[in-house]
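Please read the following report alongside the sequence and the three-dimensional structure.

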Amino acid sequence: MTVIQSFLLGLLQGIAEFLPISSSGHLRIAQELFGLEEVPLLFDVILHLSTLLAVCIFFRKKIIELLCFKDKKYIVDVIATTFVTGVLGIVTKKLLDEDKISIKFTCLGLILTAIILVTSRIIEKKRKLLENKTPTLVQSLIVGLAQGIGTLPGISRSGSTIAGGLFCGINRNVAGEYSFIVSIPAILGAFLLEAKDLGEVTETIGMLPLVTGFLTAFVSGYFALAFLMKLIKKGHLEWFAFYLIPVGIAGMIFL
């Protein structure tokens, strides 16, 4: 992998991780276009770690509050969400062999993400959203289910979790923040599962491209997150469907 390729993948990861357009789906498409079919899964996870760092800095006040156990209910909610995500993630990993999943299946996931975003907006308009500052236990379990679905290729994790929150009546601002807070244990868990291949990444990709991808994903991710949080307040996530559907269809036809 060249430095330019790692820069482009890092840029793509940083933008797509937070915007509800599926970072895994876009990385898969980019790797297909670049002819990088042998890129270790851990490289993707390391890029996710860089965007995780962006989350930690952006939501540092909330994270410090949780580390100081100032909101125990919120902590319980995060644990419940993570548990459901973990169980569903294990099930899908056993049922689906990621190495055999076609690029067309991934592109189909992009189209499904668009449908999820549009549907969540329709439901939000028709129901009264709760003003709770934290989700209920049932709502946290539903978000965990949505995040588990977001592990499927082409399905946006941020899009599915925010939509899952809106489906069950969570205020959109709370749903946006909660979506990224619960991404922290999910991404750390994925990293720990793949950490044994760290040596393989440096040998296959090289240290310079790895660092380039990491830094690029962090910087672009932070600004993408700031942009998305402003967009969530306006309630226009369905706009991304106008991008996802054409990309998904084009990928199914040409890739």
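Predicted model: local features only at pLDDT ≥ 70, side-chain atom pairs only at ≥ 80, totals over all residues.

Residues are numbered from 1 along each chain as its sequence is written, and side-chain values use heavy atoms, with hydrogens and water left out.

**Overall build**

The protein chain has 13 helices and 0 strands, where helices (H or I, at least four residues) and strands (E, at least two) are DSSP runs numbered from the N terminus. Of its 255 residues, 50% count as buried, buried meaning under 20% relative accessible area, exposed over 50%, and partly exposed in between (1.4 Å probe, protein chains only). With a contact taken as heavy atoms within 4.5 Å, 84% of the contacts between residues at least 6 apart in sequence join residues at least 24 apart. The accessible surface of the protein chain is about 12500 Å², and 72% of that area belongs to carbon and sulfur atoms; such areas come from the Shrake-Rupley method with a 1.4 Å probe, and for residues only the protein chains shown count as cover.

**Enclosed space**

A cavity is a set of points, on a 1 Å grid over the protein atoms alone, where a 1.4 Å probe fits but cannot get out, and its lining residues have an atom within 4 Å of a point. Grid points are joined across faces, edges and corners, and a volume is the space filled by probe spheres set on the points. By this rule there are 2 cavities of 30 Å³ or more, and the largest cavity holds about 80 Å³. α6 (103–126) and α8 (157–167) each give at least two residues to the lining of the largest cavity, and α6 provides the largest share, 4 residues. Among the lining residues are Leu117, Arg121, Ile162, Arg172 and His236. By class, this lining comprises 5 nonpolar, 3 polar and 4 charged residues, where Ala, Val, Leu, Ile, Met, Phe, Trp, Tyr, Cys and Pro count as nonpolar, Asp, Glu, Lys and Arg as charged, and the others, Gly among them, as polar.

Ser22 and Phe69 are residues other than glycine with a positive phi.

Conventions: 1 Å grid on protein atoms, 1.4 Å probe; cavity = no way out; pocket = protein on both sides within 12 Å on 5 of 7 lines; lining within 4 Å.
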